[in-house]
Structure formats: structure tokens, C-alpha cells
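Trainee: I am new to this one. Could you walk me through how to read it?

Mentor: Gladly; let us look at it together.

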Amino acid sequence: MPHSFKLPPLNLEQFSLDNGLRVVLDRDDSIPVVSMAVYYDVGSRNERGDRTGFAHLFEHMMFQGSENVPKAGHFQYIMKAGGTMNGTTSSERTNYYETLPADQLPLGLWLESDRMRSLAVTQENLDNQREAVKEEKRLRYDNQPYGQIFDLISSMIYKNFANSHSTIGSMEHLDAASVEDVQEFFRIYYAPNNAVLVLSGAFDPNTAKELIEKCFGDIPSQPAPPAINVEEPGEVASNYSEWHDPLAPFPAFLIGWKIPQRGTEEFRALYLAGKVLYDGDSSRLYQKLVKGDESVIQLFGFTDERRGPSSIFVGAIPKPDEDLSAIRETIMNEIRDLSVHGPTPSEMEKIENQLLNDAVRTRQSSLARTQQIAEFALYDNDPNFFNSELDSLLKISAEQIKLAAAKFLNTDNRALLDVVPAGSGA
Amino acid sequence: MNPEFRKHPPESLASVPFDIPRPFETTLSNGLRVVIFENERLPLVSYRLAFFAGDIDETENGRGLVSAMALLLTEGTENYSSQQLAEKIERLGAGISAHSSFDFTTISASSLSFYTSAIFEMLSEIILKPTFPESEIDLYRRNLLENLKFQRSQPPFLASEQAARLIYGKHPYSHVSLKPADVERIDRESLQRTHRKVLVPNNAVMLIVGDVRRDEVIKELEQHLDGWQPGSAPVRNFPEVPKREKRSITVVDRPGSSQSNIVIANSGFDRSSPDYFASLVMNQVLGAGASSRVFMNLREEKGYTYGAYTRMDARSLAGDIEATAEVRNDVTGESISEFFKEFERIRDEKVEAEELSDAQSFLTGVFPIRAETQEGLTSLLINRELYGLPEDYLETYRERVKSVTADEVMDAAQKYIRPAEMAIVVVGDAASVVPQIKEFAPTVEVFDTDGSLIESQ
């Protein structure tokens, strides 16, 4: 056991511009590559009731040109510089990131600042991206077996609209989005004081600071966006639902629980309980159901980490003719065992090594570092959580995992979604 | 703030050179080639043991044996049960897995460097002492049968199955999946035979990348792989990839599907082809990325799709080139028509200097990004080994990309983008799709999702 091993902390430098843009620098010259990320504090949690899917549609608009960058110029500038880029939207935030050869740092900052400062919105580009987003929705959700189950169960777990609606949104709301909506959203949420900028990789900090000031310094700040309320009562919105999936070849089910927000000891304990239950071939449920009973084709689980009430899921695609309720009973029994006896010493050793392994692995890639640092900077206002999070997880005891499983992973707090194949025999 | 600065993309900084040093290479007494790349940046090690034998080396009556053998290596050895193996490996926070592809069989592992010795011990168990327990074989077969059914709900699988059949004919690259009868034939005796045949040290390469010392690695390997006997490499003598004479349309009917998955393909070239670099650049211009022509056209201009791409797949013995997009039903015909316009354009018009240099800068620029993680570096290094590429391949890669000319791009397009003989495959709602697309080829065949032909015209 490498108990003596201490992962050296990253030396992070942080400062804010006068307009409120928070900046974090994470220098590492190992490979001549630089990654940067801009995280805006806006996600589906901020959406209006009649504009679901808007935060994500807006993300697409950020690639449609700004005052000095033509439509699709963002892709092209990055790619011809030998870089990679993307943007994603979640309930919590919208992020934009690129990885570039180290000498292209000025280009990345110029591009990110131009769209933060002067996004260009036209009806034609909006119409076109609306269509691309609809195809994305069809591809990932509507035309995919089991594609809608995670959105469905979130709507069963959460009662508050800010938490319960999907990030991809509805076709009707996407159709209703106007150019004015886009401009308004841009003004409110895409202000420097509502964002963090993180740089990881090979750069000279003085050059970086000068460039950041030059590119972003004159973008005006805006009044703080309207506060949102993501509070939830303890109980789930709906205990049981059936989804008739026309594309699913087999029945399946998904169980979800409402759990405390990220960054709490209870959340961390449940994240580790999940590792014991469903992570890897040695996990309890894999050994019980995929091996052992041989009743399940596919088993999966994960936590959905949010700043407000979060969730944890376990799902399975059983073999045909298996009794779904017996499989669920096995899952609940295993959870009950964990909440009575806690994880074994060998499971705790596995957790420790896996956490260390994950932490070391994340450090290899400038993009992975920059994204994690940006999350801590945005959500916790302290990028140094990047350095302390491993210890916070390692400090969680077997007792805490046991207690958290007992408190949250019970039947009362549970949403259960049954997937019933409803196709013509796909 | 100088507003002039805003108007044009800024100058780049002084460029920083990046070179991947050549790894250390040696051959053990049993013929196993070993490549070691020492890198102390982080306490991590990646292991890749690849055999030059894969799914294509199976016989007609032994389909599925190589992949079954590979996947069952970690399901029981002389000293550990399947569960004990999983626990031992995962308790170290490590991972070990094995799988096969058309051309190769690969055992991969990764771990924190503190556990190097334990990983070598586990690797030797898996390589030398797998037992293929009956109960695990039985479970594997039953799960595989369910997975074969499950695949049929996935449009990308249905499309690739048809495309492979149409492009590769009797060549074994046409077999992308198994039949239930193949699965029934998998048994312990045939797995043991396959194990002896495939896991031959003198037909393999072991690559180790990360925080290790070469002398220690060699010592561990000699100790743990003692007694591993050399054998012979499979003989590869396969039917030619057929020459297609005309276009064809194949629809896999998925009634009610809200999208059409389009694949348009023709045969290509193998990985050691001298046309590789010209085709790589041509493909970058045509459709490899988000600034390529087909993406700009079908997504950014037309809004038909979330993504449209072209892809070249160059394997050990042959390859193919295909264009793909998932589009909404009612623009299936228009999407195919736009693809063909782009195919004609890249064949008929010489690519402009700027577009050519943009594609080249992308390919050379992303090279260091691909080498940033141990997984990325391992992939670069193993590909050179697997495809027998020149020793200076990684050093000269960027030069070779940069030296491709516009004429060479046009030649590559004329040679490998052949609209007159392409196979058009669409997975979608046949009733709404067929009328839109039948004009594109003289023949239309319609299959159901089980793979049975239901109509041919």
C-alpha cells in the first residue's frame, strides 16, 4: 500500500479581472500543449418554464460567430491551429473548452473573448442550429433504445422544476425560441462576472496574464443574474412509473434516489457506496447479478453531481424471462447489507487505490485538469479543492458509507422506472 | 485596449518543438518483442501485449473463438477464480482486459507504478494459465446470445453489418457479428486450442509505457513469462475484396424510426499503403472533422443532422472509406444528394491552397495533444508496431503530412472516392425512405432488422 505516497499539489494561481472574470492558471510544461476552459454559471437549472432546452440551444449559438469571427469560424480557427474544442451543457453550467499547441494560446483567448464580448445572432443561424439540436435530440434520446430513461427518472426524483426538467428540452420549446430570447440570455448569463476562465498546460504566466487582460479586460460586467432556488423536499416526486419504449428490445428498470448536494460528506460517502455496489467486475452487484444469479445482461450505476440536491442511480437490463422484482429485491438486499455492516476492509482498500488511480490519471491531461479546476472554481469559488478533494474522499470512513447508505438508499426515497418494450419487435 | 487587435486572429507565440524519443526495444529468448518507453512524469504504467492474430484468423467453423478466448482469459486461471482475479486487480485500483479485433488480439493493463510487480504476476496468470472454466464459458455463451439480439436494436450496428457485407464480400472483414450457431460451437476444448494458437510469444509485441525502469521490466518479464513456448504465426490467405461495378441501395427497415442512419461506402486501402498520407489529408478536407466539407454542408448550412463525417478505416490487409450521418427522415434523399455533390467536388476540383494547409495544420498540430496521456502515447507507439510502420514513423509523421500536395489529394480522391460504385446503406423507416432515395442507384434491397431480405427491386 502506498500510504506514504502523496500526490504533489498543483500550484494554482488565481485572480480576478476588474470586470469580475475569475481566472485560474495551472502551469505544467511537460507537453507543449495548452488547454483552456470558460465555464459560465448557467445551465438548464436557470431555464424558464416555457423554454426548456434553451441553455443547450444557446451553447450551439456560441459557435455561430461573433463580431470578428465569422459563422463556424470558431471550429475552423481552432482546427487549422491544430487544436480540438467543444462545448457542453448540463443542469449546472455551460462549458466551452479547447486544447491547442502551446504557441496558439493567443488564438484561444482571442476566440473565447470575442464571443463573450460580442456574440452575433441571426435568425438564419438560430433556425439552422435549432434543426441541428433537434437532430441531436433524436439521435441521443428519441431514436435510441432506453434513450429517454434518465430524463424520465429525473422528473420522478425532483419536484422543483429547476431540477426536474431535461437539458435537451422539448421540441415545442425549441421551436418557440426567438432571436430576442438568445440576446436576452446572452446579456444576463454570458457576462464576465458570471464565468470562470482556466488555463492548464505549457504557458508563461506573465504572457498569459497580459493576453487575458488584453482580450477580456474591456468586456463590461452585468448585474448578477436572477437568483434561483433549487431546494427540494426530502421525498421523491413519484415512486413508480412505467415507460413504454417502442425501441427497447428487452425490459429494463432504473432506480434513482435523491441525495444531498456535491461537496458534502454524505454525497462523498454515497459516491463511494456506489463504487462498492456497481463499479467494476468485483463490485457487489456485478458479482451477485451478472455472475452469481446470472440474471442480468447489463448492470450500471452512477451519481449525478449537482450543486443542489443530487441523485444516484442503479439500473439493469435483465435477461428475458427473468423476474424483475426478484432482481430488485437482490439489489435492495445488498444495499441493506451495506447499510448494516458497511464496506469490508478489502473494499475500503479498493476504494483508496481507485481514488488514487483516478486522481493520478486526471493529472495527465491538461484538458481534464482544466475542466475539474473550473468546476471547483465555479461551484466552490476555490480552485484549490482540486488539490484537497482526494483527501476529502479518502477521509470518508466505512462507518460514514454505512450510515449514508442507511439514510438515503432506502425504499421510501426511491424512484423506480420500469421500461416495457412496446415496439413491433424491433 | 486596441480595437485593431480584435479584428484579426493574433499571431502565435514562438513555437515549441515536440519530439517523442525512440523507445527501448529488445527481444526475449522466446521471441517476444518488447518495447519500453520510460516516462517518470506520473506514477502510472500502461501495458499492451498485442498478438498478430485476430478474428480473421478463425476458420469457418470456429467463428467467435478468438474473441471468446480473449474475453475469457480474465475469467479463471490455475490459481485464481474469475471473482478472485477481479478482486485482486481492482483492489490495486488497476485494470486488466483482453479483446480481439479483426487483425489482432490485445491484452491491456494499467496501474499505479507501485503495483508493477503484481501486474506482471497477474498478466502471467492470464497469459500462461487460463483455465476456461465450463461455467464461465456457459455464461459467456448465454450473454453473447442476448447481446446479439440487443445489437439488432442499434442502428449503427445494423448499418455496419450491411456495409461490411457489401464492401468485403467473401473476405473475412465482412464478418462484423456472429450467428447463434457460431456461439453454440464455442467450447472448452476449442478455446484451449485457440489459446495455444493465438498467444504465441514470437508473434507478438509487448509495449510498456510509464514510470518503469527497463532492466527491472526485463527481469520481471523473464521471471513471470518463463516457460512460454514459441509457436507459429497464422497464415493469411484470403479471398480478394470484391470489385464493385455499380451503385446499390440497401435499406434496413426500422418502422417508425424518427431518423435515418446513412452510410455510403466503398473499399479503400490497407494501413501500409503508400497512399495513406495523401488520403489522410484528403479525408480531413472532405469529412474527418467539424470544419470539414460534409459537416459544414449538411449540418452548418442545411441543418439536416447533428453530425456528418467521412472516415477511413485502414486495416492490416484492406480497408474502406465511408461517409456517415444520422438525419431526420424527410431529408434522407437530400442528404445523400449533398454527400454525392461533395464526393464529385473533391474528385473534380483541386483543393485550394488554404484549405489544404488548414487540413495539414490540424493533423500536425493535434499530434502532441494525442501524446499527452499515457493511453494516447501508447496508441501511437503500438500502431507503429502493429502495422509494421517505419522506425522513424512518429518522427517523420508531421513532415509527411505537410508534404502532401493538392495534386496528390485529387489523385487520392479519384482513386478512393468512387461514387459510381458506392454502397448506400440506410437504416430507417423504409416506407418513407425508399421513395426518396431510389433514384440514386439501379437496385434497392430492403432487409428487416433480423438481417433477412424482405424485398429486392
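**Strands side by side**

Mentor: Let us start with one pair: A:Ser241 has A:Leu417, in strand 11 of chain A, as its bridge partner. Strands (E, at least two residues) and helices (H or I, at least four) are DSSP runs, numbered from the N terminus. This is a predicted model, where local features need pLDDT of at least 70, side-chain atom pairs count only at pLDDT 80 or more, and totals for chains, interfaces and linings use all residues. Residues are numbered from 1 along each chain as its sequence is written, with chains lettered from A and ligands numbered from 1 in the order in which they are written.

Trainee: How many bridges join strand 7 of chain A to strand 11 of chain A?

Mentor: Two strands pair if DSSP finds at least two bridges between them. Here there are six, and the two strands run parallel.

Trainee: What is the order of the five strands in the open sheet of chain A?

Mentor: The order is 7-11-8-10-9, with mixed pairing. Strand 7 (240-245) and strand 9 (296-304) of chain A are the edge strands, each pairing on one side only.

Trainee: And chain B: what share of its 457 residues is buried?

Mentor: A residue is buried if 20 or more other C-beta atoms, placed from the backbone, lie within 10 Å of its own, exposed if 12 or fewer, and partly exposed in between. In chain B, buried residues make up 49%.

Trainee: How many helices and strands does chain B have?

Mentor: Chain B has 17 helices and 13 strands, and its C-alpha trace spans about 65 × 65 × 45 Å along its principal axes.
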